[in-house]
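Me: I would like to learn how to read packing features in a model. Can you walk me through this one?

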Amino acid sequence: MGFLTRSFEGREATDVRVSATAVGTAGRGGLGKLSIRGTHRTRGLTDIGLSSVGRCCPSLNVLSLWKVPRVSDEGLAEIANGCPMLEKLDLCDCPLITSKGLLVVAEKCPNLMSLQLDSCTGIGDECLQNIGRYCPNLQSVSIKDCPLVGDEGIAGMMCSTSSSLAKLRLEKLNVGDFALACIGHYGRSIMELHLTGLQNVAERGFWCLGNAKGLLKLRSIVTTSCRGVTDRGLEAVAKGCPNLNQLSIHKCCFISDNGLKRFIEASRELEKLQLEECHRITLVGVLAVLVKCNAKLRKLALVRCLGIRDIQYYPDVLPLCKSLQSIRIRDCPGFTSMSLALVGKICPSLRRLDISGLVTVTDAGLLPVIQSSENGLIKVKLRGCANLTDTSICALVKEHGDTLRLLNFDGCNKITDKVLLTISEQCTMLEELYMSNADVTDYGVALLASARQLNLYALSFSGCSKVTTRSLPFFGNMGRTLVGLNLQHCALIQAHGVSLLEERMWWCDILS
């Protein structure tokens, strides 16, 4: 079996180079993996070079062809005929490769386990049906932006690969409800499903996906820009996929609070939920998730959901969501201190908090989260929360200094040396500290460097205008664990001083 790996990019990808490599490695078992990305403008790779690989490398098991416009079905057929052990095929933007070439691969390469097709305008339904028929070990299929692929191809492939296919990704295809119905019926082994930009799939398609009751092993589903994802369709998926533990919905304008509530009530194994640009979801829906979720929900992420706003009235006593350990709420402008405080009180088991981009959050919103966390926060990301001050950050460090491993308050320009003093006194496990554009000085850097219990490996003072060349010796005293230091846009740090620091800390990657 070939173990050698070769990669050609751009101008390197010519017939002469590829052929020479194939012939030269033949005596050592031949190539095991070959990747070609781009090609020479005038002397680019053609069928001739690929034919040499097919004749000299019978043990080839991975082939990746990206943007090779002069390779056709003939070259791919040579690979199929000469490399029967091929297990992974990745084709991207290969306009001369059609269904005819892929049919030969299906017939000659029964060990094929992974197939990726991207922007291949000549590949259609017929070859997918044969891929399913002749490749019984097929485990992963990804098809993107192939205009000739439709319902018939997906249905034919699913009928034949139902016992092996574990991962399926469909993006920007002309498929409809029938394709999703077939996936729901025949996808007995599918564990991961990604659906993106399927504009011809309506609510009925997702309803059939769930009600077909075939996706019993499905663990993760990710949908992006699919107009068929509605409240009714989402509920059907929850009921028809009993082992679903991860759901990510991106750019969906039809999911409402009621649909989210019904989905949560029907999902008994859900561990991770991510909603991005779902603008009909409000804080009422988020609270329903926290209150009605099962005991296994661990992670919740809300990104750019513009419908979330503070609510004026809520019960004085709310049920606790003790299972949730990680919450990420990013770039949701309507999510304010009031909302954050409420979520913090409901979720006492939080260990990871990311509220990056919530510019309206103040100390009053963060403090309840800090005080409610019972198990100790491990990672806290507050990037861009410009209204936070030393008060809340110092409270965070004092309360959770013995568990914090990552602290990011990039862009919090009200943070001063007082926070660095508290970190130097309280933190024992901190590994990453990011504080770009903070209002800290050389004195704060000196305090941080004096904390011998710290073993930082990533540190950023980017844009800290009051940090000067005087801080460079302090950075040099921070120990061998520091492997990443960002000093970009620090106008008062001289380039010569940084050069000397780089010589002293040769093991550290310093950005300046």
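Reply: We take the core, then the cavity, then the aromatic pairs. The model is predicted: local features need pLDDT of at least 70, side-chain atom pairs count only at pLDDT 80 or more, and totals for chains, interfaces and linings use all residues. Residues are numbered from 1 along each chain as its sequence is written, and side-chain values use heavy atoms, with hydrogens and water left out.

Me: Which residues touch the most other members of the largest nonpolar core?

Reply: In soluble globular proteins, nonpolar side chains tend to be buried together. A nonpolar core joins buried (under 20% relative accessible area) Ala, Val, Leu, Ile, Met, Phe, Trp, Tyr and Cys through side-chain atoms within 4.5 Å. Here the largest has 163 residues, and L102, I154, I423, L433 and F461 touch the most other members. Leaving out residues up to four places away in sequence, I423 touches V397, L407, L430, L433, L448, Q453 and L454; contact means heavy atoms within 4.5 Å.

Me: What lines the largest cavity?

Reply: Rolling a probe the size of a water molecule over the atoms shows where empty space is left. On a 1 Å grid over the protein atoms alone, a cavity is a set of points where a 1.4 Å probe fits but cannot get out; lining residues have an atom within 4 Å of a point. The lining here is F206, I221, T223, V229, T230, G233, L234, V237 and L247. The largest share, 3 residues, comes from α9.

Me: How many aromatic pairs are there?

Reply: A search of the whole structure finds 2 (ring centres within 6.5 Å). W506 and W507 form one that is edge-to-face (planes over 60 degrees apart), at 5.6 Å centre to centre and 90° between the planes.

Terms used. Buried means under 20% relative accessible area, exposed over 50%, partly exposed in between (1.4 Å probe, protein chains only). On a 1 Å grid over the protein atoms alone, a cavity is a set of points where a 1.4 Å probe fits but cannot get out, and a pocket is an open set with protein on both sides within 12 Å along at least five of seven lines; lining residues have an atom within 4 Å of a point. Helices (H or I, at least four residues) and strands (E, at least two) are DSSP runs, numbered from the N terminus. Rings of Phe, Tyr and Trp (its six-membered ring) pair if their centres lie within 6.5 Å; planes under 30 degrees apart count as stacked, over 60 as edge-to-face and the rest as tilted.
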